[in-house]
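Reader: Hello! Could you walk me through how the two chains here meet?

Author: Gladly; let us look at the model together.

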Number of protein chains: 2
Amino acid sequence: MTAVVGRPGTGSGLTLRVVQFAFATASLVTIANAYASGSYSAFFYLGFSMFLQLLWSFILACIDIICLLGNAELNEPCPISAMLVGDWVVGIFSFSAATASAGTTIFFKKDTQYCTAFPQLVCDQYEQSVILAFVACLLPPFLKVN
Amino acid sequence: MTAVVGRPGTGSGLTLRVVQFAFATASLVTIANAYASGSYSAFFYLGFSMFLQLLWSFILACIDIICLLGNAELNEPCPISAMLVGDWVVGIFSFSAATASAGTTIFFKKDTQYCTAFPQLVCDQYEQSVILAFVACLLPPFLKVN
């Protein structure tokens, strides 16, 4: 295995997971506290996928901490492959939820002016949650490209 | 290079690109003919991304035909890498457009019952275009996994 930034079992891997966990939690809290977010499928799906994302990041962060405390390197291909597949599945899930919610938010804000017509729709809160979700799910591929 | 289904310059690669081109064209024609699709950002973005997708599939299909007619194998890493990167960029673009449009369509159909209230909204046509777009953009990764 070559040195890859954010690799499981390393300090950079732990930092990546902690940051990802923080963004996913912030996105979930923002959308869960937004008015009527449960009534719109895209926002409900976003909340659910962010819950999965923070759970996944938490598990990987725990594995990183165990490896770092025990001074053990995670080199076996089997757990690394399982983590990679899990990262892909959770990532695609989160990315699709973020884009679907972005589509609905743009519909409210730009296409129909619903945000002005119905002030109870907290469009800024929907937007913030979508941005936080994009950061949470795009962090690992962005790091791997660099 | 190992034998991969849908590899550039092979018969299966050409079939993949022709099928992808057909689905992207069908999706573009469906959304372009749907009522007011240009007024909704998600559907406009879907049409634009399907145009890019069919253009990309057409270029790769032409390269495949040239290779097959000249009986030449495409083995150099440089054009293969360029095609892979292009495939990723166009694929992510199409996938995000398809999910954003799916979010908007579900909002019309399920969340608000707009499709029943406003019969001029051709929700079935939006839905068909989204499904065709998903097939067009998910075909290459699905083939590579198998």
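Author: Between them, chain B and chain A bury about 1,300 Å², 69% of it on carbon and sulfur atoms. This is a predicted model, where local features need pLDDT of at least 70, side-chain atom pairs count only at pLDDT 80 or more, and totals for chains, interfaces and linings use all residues. Residues are numbered from 1 along each chain as its sequence is written, chains are lettered from A in the order in which they are written, and side-chain values use heavy atoms, leaving out hydrogens and water.

Reader: What makes an area between chain B and chain A count as buried?

Author: Buried area is the accessible area (1.4 Å probe) that two parts lose on being put together, summed over both. The value for chain B and chain A is therefore about 1,300 Å².

Reader: How many salt bridges are there between chain B and chain A?

Author: A salt bridge needs a side-chain nitrogen of Lys or Arg within 4 Å of a carboxyl oxygen of Asp or Glu. Between chain B and chain A the count is zero.

Reader: Which helix of chain B gives the most to the side that touches chain A?

Author: Helix H3 (residues 77–111) of chain B does, with 13 residues. Helices are DSSP runs (H or I, at least four residues), numbered from the N terminus.

Reader: How do you know how the two copies are related?

Author: Chain B can be laid on chain A by a turn of 180 degrees and a shift of 0.0 Å along the axis, with an RMSD of 0.0 Å. The superposition is by least squares on the C-alpha atoms of residues with pLDDT of at least 70 in both. The two copies are thus related as by a two-fold rotation axis. In chain B, the C-alpha of Ala100(B) is the nearest to the axis, 2.0 Å from it.

Notes. Helix = DSSP H or I, 4+ residues; strand = E, 2+ residues; numbered from the N terminus.
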